[in-house]
Amino acid sequence: PDDPESFSLEPEYAENFELGSKGSLLDGAASYNINVFSMIIKNMQVSTVVPEQVGGGQQFSRSANAGKQRTEGVEIDGRLQVNDYLRVDFSGALMDGKMLSFLGAGCTTVEFQQADTGPCVSVAEAAAGQSDGYPAGTIDRSGTKATRTPDWKFVAGLDWWYPFANSLKYEFSTKATFSDGYVRDVRGYSGVAAYDERTIINMNLGIAELDDKWRLSLWGRNILGHGLSYFLEKDPTPVLSRNGQILSSQNWFSYGVQMQYLYD
């Protein structure tokens, strides 16, 4: 920029408070951990897309201080060794994430089109000095939900094996993730890319030598095929793949066969 001051950022500070407990049960067969936390980030540095249609109508990305974000909640995790062949794991969190202050966030395309009558800063308001120094195409998102922060998320896992034929064993493992919906798009804070409430199930089934020298397994990822939702009408820079995340294989069901061999 012509004015270096317009490119400067305030330093970012984080305050973290935690209180927890951990221990074991059933003569060590089970363990647990519980943690209550609160994190406040002041002047959080973010990159936000601004659909300012000045100078040929090109949109641009700008760095800004997001004011203050607060995330608080409780986390738990545990493990139970049921017997020699079966182990169960569990973890979860209840969270509340909010942007306590976020002036200068990027408007969506729709918000910018309605800037003359809506909260998005219009070109005329910015030119007239009526926007407290914030450029056209920005908006106050104070009070909105923080990105990547579902209200709840739980993960359950199971690992099982059993010997057969003297030197071989069956193996089976699965992990299920249950999550509330959340906004993923850090740049826009606008719901461009978001996950709905979803369940992700991964499984692995195979056979192996008892000494783990080799194994053959069939695996499946995201068996229910729950993917990332893309909302074109909210995107200030419409690109379907959006950094490759919308079309990423992690958002769809995939499966395969894996052979592993270890040698000295």
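## Aromatic rings

Rings of Phe, Tyr and Trp count as a pair if their centres lie within 6.5 Å. In this predicted model, ring pairs link Tyr 85, Trp 160, Trp 161 and Tyr 162 into a cluster. A search of the whole structure gives 9 aromatic pairs. One of them joins Phe 164 and Tyr 170, which are stacked, with 4.1 Å from centre to centre and 15 degrees between the planes. Phe 164 has a relative accessible area of 22% and is therefore partly exposed. Tyr 170, at 38%, is also partly exposed.

Tyr 261 and Tyr 263 form a stacked pair too, because their planes lie at 20 degrees, with the ring centres 6.4 Å apart. Tyr 261 is partly exposed at 47% relative accessibility, whereas Tyr 263 is exposed at 66%.

## Charges over rings

Two rings have a charged side chain over the face. Lys 169 lies over Trp 161, at 5.4 Å from the ring centre. Arg 198 lies over Tyr 195, at 3.7 Å from the ring centre.

## Salt bridges

The structure contains 10 salt bridges. In one of these, Asp 96 meets Arg 70, and the closest N and O atoms are 3.0 Å apart. Asp 96 belongs to strand S6 (residues 86-101) and Arg 70 to strand S5 (residues 68-81), so this pair ties together parts that are 26 residues apart in sequence. Asp 96 is partly exposed, at 30% relative accessibility.

Arg 87 and Asp 89 form another salt bridge, at 3.2 Å from N to O. Both residues are partly exposed: Arg 87 has a relative accessible area of 29%, and Asp 89 has 24%.

The side chains of Arg 215 and Glu 171 meet at 2.6 Å, N to O, in a salt bridge. Arg 215 is in strand S14 (residues 214-221) and Glu 171 is in strand S10 (residues 168-179), so the contact links parts 44 residues apart in sequence. Arg 215 counts as buried because its relative accessibility of 19% is under the 20% cut-off. Glu 171 is buried as well, at 14%. Through shared partners, salt bridges join Lys 169, Glu 171, Asp 212 and Arg 215 into one network.

Strands of a sheet pair through backbone hydrogen bonds, either parallel or antiparallel. Here 3 strands make an open sheet in the order S11-S12-S15, with antiparallel pairing. Strand S11 (182-183) and strand S15 (229-230) are the edge strands, each pairing on one side only. Strand S12 (residues 193-195) is joined to S15 by 2 bridges. Ala 194 has Ser 229 as its bridge partner in S15.

Technical notes:
Residues are numbered from 1 along each chain as its sequence is written. This is a predicted model: local features need pLDDT of at least 70, side-chain atom pairs count only at pLDDT 80 or more; totals for chains, interfaces and linings use all residues. Side-chain values use heavy atoms; hydrogens and water are left out. Rings of Phe, Tyr and Trp (its six-membered ring) pair if their centres lie within 6.5 Å; planes under 30 degrees apart count as stacked, over 60 as edge-to-face and the rest as tilted. Buried means under 20% relative accessible area, exposed over 50%, partly exposed in between (1.4 Å probe, protein chains only). A charge sits over a ring if NZ of Lys or CZ of Arg is within 6 Å of the ring centre and within 35 degrees of the ring normal. Two strands pair if DSSP finds at least two bridges between them. Helices (H or I, at least four residues) and strands (E, at least two) are DSSP runs, numbered from the N terminus. A salt bridge is a side-chain nitrogen of Lys or Arg within 4 Å of a carboxyl oxygen of Asp or Glu.
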